[in-house]
Amino acid sequence: MMQRLKTGPFLAAAALSAACSADTGQPEAGGDPAMPRPWATGIAGTATLEATSANDVFLSYVWDAATDSQGNVYVVDGGEAAIFALNPDLTQNRQIGREGEGPGEFGRPAQVQVLPGDSVLVWDSQLQRITVFPPAGDEPAYIQPLGTQDRGFNVWKLTEAAGYIARSSTTYMADGSDEGSTRTEVLRHVRDADGRVADEVLFEYPAAEALVQRGEGFVSMAGHPFARNSFVGLLGGARVVHASSDALEVRIVALGGLVETAFSYETTPIPVTRGELDTAADGLSDAFGQLLRDGAPYVWPALTGLIVDDRDRIWVGIRKADRSTTEWAAFEADGTHQVSVDLPVEVELYAIRGDRMVGVARDELDVARVRVYRLP
């Protein structure tokens, strides 16, 4: 089972980093002699591009993607109230669902999860409900509201325990009354308990940083291109994996709330250059651009993502100084490094299953394309 938490500010940083690295080469996995890699006890391999989605797959802004045991890929696109089902070669098979509130319909699909046996679970953040489709089926097997007062932004079904993991977050208040408060994100265990909904907080951590502008009775915000973000995954179907992008440190959270550090390694800070700062600021409004410049200097977040694969290896995307590639390193839960491969920095990775890595990148025309890489 593979899941990762989608965060807008990280995407801006990835896109900026890609723009600043178009003229650099692609070294071997992790092969940057200027950057110490204390975790690197495993092998360095090469991931080979196997397939790219064609022009008949019209994607605008991908929110999530997952893959089943047959290699089919399911994509949540921000511009569609449906799920794109792609064949293993990334040609389009069909679309699952449509806009609406009835069975098999979505208000705003936000997340897709492939369950054991290849059933497909879709989380609808607008309707706050789960829809599960049978393997290769277009009619829902069942529909279930989350049943809690706190809205879930992401929801994962536990496969080796009862219930779901839901992520919720404190929000900015439109009237500006939240000034001075600390924004947090919360992971909760939601399940049925003798006919009632039990909703228990498992883990709380700082919310993603943002650029915030306040005035008389209003607040507006924009994504911070160099912000700290968090990544979440499921380990073994009954535990949660969490990492913050500002350090190579991965935590495992049990359903009882016990938090332990799975592994932690030092990384070398990568300063944001003046050119990178100017490029990011110029892409914002004048007010937000000035806010960004006022907060300088910055360093790039150490991590770009987290994926748990079907072998329960924890993959983390580690930022590199050369800007052209990201090192994706796989660790066992005890921190033992297994393998690293480099992917182009513009690829946002969503799922790893078997020897296939599923990601998304924008082409030269700024069109989102699904890509599949083959692991060594």
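Tutor: Arg 374 is partly exposed, with a relative accessible area of 29%; buried means under 20%, exposed over 50%, and partly exposed in between, using a 1.4 Å probe and protein chains only. Arg 374 belongs to one network with Glu 50, Asp 355 and Arg 356, joined by salt bridges that share partners. The model is predicted, so local features need pLDDT of at least 70 and side-chain atom pairs count only at pLDDT 80 or more, while totals for chains, interfaces and linings use all residues. Residues are numbered from 1 along each chain as its sequence is written, and side-chain values use heavy atoms, leaving out hydrogens and water.

A salt bridge here is a side-chain nitrogen of Lys or Arg within 4 Å of a carboxyl oxygen of Asp or Glu. By this rule there are 19 salt bridges.

Asp 355 lies in the loop between strands E27 (348-353) and E28 (356-362), and Arg 374 in strand E29 (residues 368-374), so the pair ties together parts 19 residues apart in sequence. Strands (E, at least two residues) and helices (H or I, at least four) are DSSP runs numbered from the N terminus. Asp 355 is partly exposed, at 33%.

Elsewhere, Glu 327 and Arg 37 form a salt bridge of 2.8 Å, N to O. Glu 327 is in strand E25 (residues 325-331) and Arg 37 in the loop between helix H1 (8-19) and strand E1 (43-44), so this pair links parts 290 residues apart in sequence. Glu 327 is buried at 2% relative accessibility, whereas Arg 37 is partly exposed at 24%.
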